Amino acid sequence: MDTLKAEKRDKTVKAKRLRREGYVTGNIFGREIEGSIPIKIDRRDAERVFKTKKKGSQLYLDVEGTKMDVLIKEMNYNSMKGQYDEVDFQALVSSEKVHSVAEVVLLNHDKIQNGILQVVLEEIAYKALPSALVEKVEIDVGEMKPGDSIKVGDLPIASDPDVELGTSRDAVVVLVTEPHASAVAEEETEADAETK
């Protein structure tokens with residue numbers, strides 16, 4: 001599992017100033033932490049890890065020599081600057097279930113020939129012990145045809161006995177619809193043929 005180094009930050013120093021100095025700011029909270037621990041992370045280290053780790057990902061935070069098992073709870077991305085400004089973490093307790101989200105990752109979407117792929121859900125909310133956390137749900141959509149849909153209840157996460165779903169089992173995750181433009185074009189071609 002990835003480890004990210006962090007330092008405790010002085011609350012008297014404004015987060016804005018730290019960000020200008022090349023840090024991502026954040027907080028660690030959890031059942032066994034009173035209040036929260038304000039931290040700063042070197043932006044280069046943070047960006048290397050956040051290429052693969054998203055909201056709902058589990059990793060280790062090394063806070064000045066103390067290793068903590070944490071979950072990424074919130075990520076504040078600054079689209080103007082193209083960087084993360086603030087990231088909050090939840091310290092995990094092995095015996096305590098946590099609320100998290102699993103990212104939906106689609107495989108083989110380039111194989112869909114006769115339809116338009118629509119992603120309805122980008123993440124699935126659930127609750128689980130730290131040992132059963134799910135970062136990603138991969139869905140192979142290569143065989144899908146217009147009219148097909150996949151619901152949360154169809155996915156492996158729904159049948160995992162260690163996971164309590166927060167998102168409805170009936171919620172549609174992805175579906176394939178008929179391409180509208182070509183359907184209209186075909187009707188017009190048929191109409192033209194009839195008038196000739």
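The talk below sets computed values against their definitions.

Trainee: What should I know before reading any value?
Mentor: This is a predicted model, in which local features need pLDDT of at least 70 and side-chain atom pairs count only at pLDDT 80 or more, while totals for chains, interfaces and linings use all residues. Residues are numbered from 1 along each chain as its sequence is written, and side-chain values use heavy atoms, with hydrogens and water left out.

Trainee: What makes up the secondary structure of the chain?
Mentor: The chain has three helices and 13 strands. Helices (H or I, at least four residues) and strands (E, at least two) are DSSP runs, numbered from the N terminus.

Trainee: How does the radius of gyration of the chain stand against that of a compact globule?
Mentor: The radius, taken over C-alpha atoms, is set against a rule of 2.2 Å times the number of residues to the power 0.38. For 196 residues a compact globule would come near 16 Å, but the chain has 22 Å. The C-alpha atoms fill a box of roughly 80 × 40 × 25 Å along the principal axes.

Trainee: Why are Phe-50 and Tyr-84 called an edge-to-face aromatic pair?
Mentor: Rings of Phe, Tyr and Trp (its six-membered ring) pair if their centres lie within 6.5 Å; planes under 30 degrees apart count as stacked, over 60 as edge-to-face and the rest as tilted. Phe-50 and Tyr-84 lie 5.4 Å apart, centre to centre, with 75° between the planes, so they pair edge-to-face. Phe-50 lies in helix H2 (residues 43-50) and Tyr-84 in strand S6 (residues 83-91), so the pair ties together parts that are 34 residues apart in sequence.

Trainee: What does Tyr-77 form with Tyr-84?
Mentor: Another edge-to-face pair, at 4.9 Å centre to centre and 65° between the planes.

Trainee: What makes Lys-40 count as sitting over the ring of Tyr-23?
Mentor: A charge sits over a ring if NZ of Lys or CZ of Arg is within 6 Å of the ring centre and within 35 degrees of the ring normal. The charged end of Lys-40 is 4.6 Å from the centre of the Tyr-23 ring. Lys-67 lies over the face of Tyr-60, at 4.8 Å from the ring centre.

Trainee: How do you know which strands S3 pairs with?
Mentor: Two strands pair if DSSP finds at least two bridges between them. Strand S1 (residues 3-8) and S3 have two bridges, in the antiparallel sense. Strand S2 (residues 23-29) and S3 have six, also antiparallel. The bridge partner of Glu-7 in S3 is Lys-40, and Gly-26 stands opposite Ile-39.

Trainee: Why is S3 called mostly covered?
Mentor: In S3 (residues 37-42), five of the six residues are buried.

Trainee: Why does Val-134 count as buried?
Mentor: Val-134 has 18% relative accessibility, so Val-134 falls under the cut-off for buried. Val-134 is found in the loop between strand S9 (123-128) and strand S10 (136-140). With contact meaning heavy atoms within 4.5 Å, and not counting residues up to four places away in sequence, Val-134 touches Val-101, Ala-102, Tyr-126, Ile-157 and Val-163.

Notes:
Buried means under 20% relative accessible area, exposed over 50%, partly exposed in between (1.4 Å probe, protein chains only).
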